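Please read them with the coordinates open.

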Amino acid sequence: MEKAEKVQILRDLVSINTIGGNELEAAQYLKSVFDKYGIKNEVRPLQDNRANLVAEIGSGKPVLVVSGHLDVVAVNEQEWQSDPFTLTEKDGQFYGRGTADMKSGMAAFVIAMIEAQQAQQPQHGTVCLLATADEEVGEIGAAAFYEDGTMKDADALLLGEPTGYLLVHTHTGAVDLQIQAHGQAAHSSRPQTGVNAVENLIEVLDLIKNNVLKKTQYTISPVLKKPTLFNIDCFHGGEQVNTIPSAAEAEVNIRTISEYPNDQIIDIVNKSIAAYNELNKGQITYKVTTNLIPISGNPDSRLIKLIQKIAQPYYQALNDTPAKIQQHQHAAELMGVFLMLQIKFSPLVPWGEQMLPNSFMIAPAEPIMLFLDLAMKRLTNLMNIFPNRCFLILLTFIVNYLQTILFPSPKLKNQPLLKNTKPVCYPAFSNNYWYNKYYHQATSIF
């Protein structure tokens, strides 16, 4: 294909407004492109104007599935210097909604399949493109492919999300909860005649959070170096200031790690709410709105190694400095992912024996000291929440005393050094319905 033809595919995709829907138009456009080049494909309508598309080249095993989404996030056109739905080139860069996430990735897959077909490839096996609807919100497109068995023969799965030629090999999962408190309205001068739903919701959120963190705080992902994260992100309740509220609702996002799986988190939530309902007036109900498991896989798979080899010259062309790479890494860690690099001026991460700074020594007694240090931090947090709980002050004093007496030296250099075992790390590509449903079975042949 000529360069102009390739750019035109991206230009056409960007011109189709797929914010929160209208993937049917984009899927029909891709069908016309594949039909032009004689590639087998099918548009699979979903609800309203939403649709998936599947296309295949080759035959037999192994089956490599490449996938991306057709929808994009919303735009604020006042913040744009160009039309977001017109592909605009400036200073060697393309601008337009989806040029990064991820109509460019979709165009790249389409172009690759066309050129592979023209080169009479693959000679062994199948490449299958799955273009999905609704990735940005509900992931109904990926769910549909899973439920209709499209992925049952897949041996490997590759996603074209924008990562700057970096491989993401570990990703947190997510459990989203919608929690509702049902109370009884009353006048604020007679609160005893009602049931305050806002107060009940605050109390049960605190109970759930404490129970989740109590169970998970010492279970740390060796790759992400973080435990389960609990976030209360939305809270709605009450109608006016002089009325006891009869209803309240909150939304919670829990970022999970492989070492403490989602079903155990949900079980803690369920038991916490049941216990609260048994002892209090009013009722708390909840539903799980998102349940995406953490992602893990084999960083030494043939597929990962091949991607590293192919992508390396393109990555080096970016001229990223070590400082910029470190910025990428820090941003990824904050988002709950772990990047794998393989370039000449940076080691493959995680760093194995170099995982910890050379000045940091681990001695047999040090885990206890680290535990006490963590306990101190937890106690400080509790004291900020419950400043009047004097026993916490006493407990803090005891812990501090033990730490001072038992571990006067933070380095403990005279103790035998524990060898730093190489951490378990895995490849993954994003936190999507895809990977949560079947990525664990998709890398066996590669």
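Predicted model: local features only at pLDDT ≥ 70, side-chain atom pairs only at ≥ 80, totals over all residues.

1. Within it, the protein has eleven helices and 15 strands, and of its 446 residues 43% are buried.

2. On the overall arrangement, 76% of the contacts with a separation of 6 or more are made by residues 24 or more positions apart. The accessible surface amounts to about 23,900 Å², and carbon and sulfur atoms account for 54% of that area.

3. The largest nonpolar core holds 37 residues, and the members that touch the most others are Ile9, Leu30, Phe34, Leu53, Val110 and Leu129. Two or more residues of this core come from each of helix 1 (3-15), helix 2 (23-36), strand 2 (51-59), helix 3 (103-118), strand 6 (125-132), strand 7 (156-159) and helix 7 (302-316). Helix 3 is the greatest contributor, giving seven residues. As background, nonpolar side chains in soluble globular proteins tend to be buried together.

4. Setting aside neighbours within four places in sequence, Leu53 is in contact with Ala27, Leu30, Lys31 and Phe34, with Asn41, Glu42 and Val43, and with Leu129, Leu130, Ala131 and Phe145.

5. Is Arg50 buried or exposed? Its relative accessible area is 11%, which is under 20%, and Arg50 therefore counts as buried. Arg50 lies in the loop between strand 1 (40-45) and strand 2, and its side chain is joined to that of Glu23 by a polar contact of 2.8 Å. Not counting residues up to four places away in sequence, Arg50 touches Gly20, Gly21, Glu23, Leu24, Pro45, Ala133, Asp134 and Ile140.

6. How many disulfides does the structure hold? The structure holds zero, a disulfide being a covalent bond between the sulfur atoms of two cysteines. As for individual cysteines, Cys128 is buried, with a relative accessible area of 4%, whereas Cys234 has a relative accessible area of 30% and is partly exposed.

Technical notes. Residues numbered from 1 in each chain as written. Heavy atoms only, no water. Helix = DSSP H or I, 4+ residues; strand = E, 2+ residues; numbered from the N terminus. Buried < 20%, exposed > 50% of the residue type's maximum accessible area, 1.4 Å probe, protein only. Contact = heavy atoms within 4.5 Å. Areas by Shrake-Rupley, 256 points an atom, 1.4 Å probe, with all protein chains shown as cover. Disulfide = S-S within 2.5 Å. Core = buried A, V, L, I, M, F, W, Y, C linked by side-chain atoms within 4.5 Å. Polar contact = N/O pair within 3.5 Å; in protein donor to acceptor, adjacent residues only side chain to side chain.
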